[in-house]
Amino acid sequence: MNSKFCVIGAFDYLTDAELLRTRLEAEGIEVFLKDANVMQAEPFISSAIGGVKVMVPLADREQAEAIYNQVRGYAVDNAGNLLVCPNCKAKRMERFYKRDRLWYKLFPFLEPAKYKCLQCGMITRHQP
């Protein structure tokens, strides 16, 4: 395995990471799932470790990100509608975790919900 890997996505559930892994491997991209074994042993600590990370070789990063963007699920509101960025009006928002304070590192489930626009990069604290 190539030792130069990068993270293209992190998932709270191992199943979601496995689905992306399968899709990437079908396209001929080597994939490594970091923290997958930890998640199988203790699934309730997902938010504490940052979830299962899907890692690919740096050389395949652009191709892997393009595939991920095709199959990715974006953040939705309670009615199932895609969240809209208040800045650029794109419907490409995803849940964002910063965990910059010790309190949120110890108790990540208390961190207020934040969303990041994948088009302009704006982070909002509440559902737009």
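Trainee: Does Lys53 count as buried or exposed, and why?
Mentor: Lys53 counts as buried because its relative accessibility is 14%. Buried means under 20% relative accessible area, exposed over 50%, partly exposed in between, with a 1.4 Å probe and protein chains only.

Trainee: What should I know about the model before going on?
Mentor: It is a predicted model: local features need pLDDT of at least 70, side-chain atom pairs count only at pLDDT 80 or more, and totals for chains, interfaces and linings use all residues. Residues are numbered from 1 along each chain as its sequence is written, and side-chain values use heavy atoms, with hydrogens and water left out.

Trainee: Back to Lys53. Where is it?
Mentor: In strand E3. Strands (E, at least two residues) and helices (H or I, at least four) are DSSP runs, numbered from the N terminus.

Trainee: Which residues is Lys53 in contact with, leaving aside neighbours within four places in sequence?
Mentor: Val7, Gly9, Ala10, Phe32, Leu33, Lys34 and Asp35. Contact means heavy atoms within 4.5 Å.

Trainee: And what lies 3.1 Å from a polar atom of its side chain?
Mentor: The backbone oxygen of Gly51.

Trainee: Now the sheet. What is the strand order?
Mentor: E1-E3-E2, in an open sheet of 3 strands with antiparallel pairing. Two strands pair if DSSP finds at least two bridges between them. Strands E1 (5–11) and E2 (32–34) each have a single partner strand, so one side of each is left without a neighbour in the sheet.

Trainee: How many bridges join E1 and E3?
Mentor: 6 bridges, with E3 covering residues 52–57. Phe11 stands opposite Val52 in E3.

Trainee: Which strands does helix H1 lie across?
Mentor: Helix H1 (residues 14–26) lies across E1, E2 and E3, at about 15° to E3. Axes are lines fitted to C-alpha atoms, for helices over the stretch in contact, and angles run from 0 to 180 degrees between N-to-C directions. Helix H4 (residues 61–71) also packs on the sheet, touching E1 and E3.

Trainee: Which residues of H1 are buried?
Mentor: Leu14, Ala17, Leu20 and Leu24. Seen down the axis, the buried residues fall within an arc of 130°, so they line one face of H1. That arc is taken from the directions from the helix axis to the C-beta atoms.

Trainee: What do they pack against?
Mentor: E1, E2, helix H2 (36–41), E3 and H4.

Trainee: And the face turned away?
Mentor: That face of H1 carries the exposed residues Thr15, Leu19 and Ala26.

Notes. A polar contact is a pair of N or O atoms within 3.5 Å; within protein, one must be able to donate a hydrogen and the other to accept it, and residues adjacent in sequence count only if both atoms are side-chain atoms.
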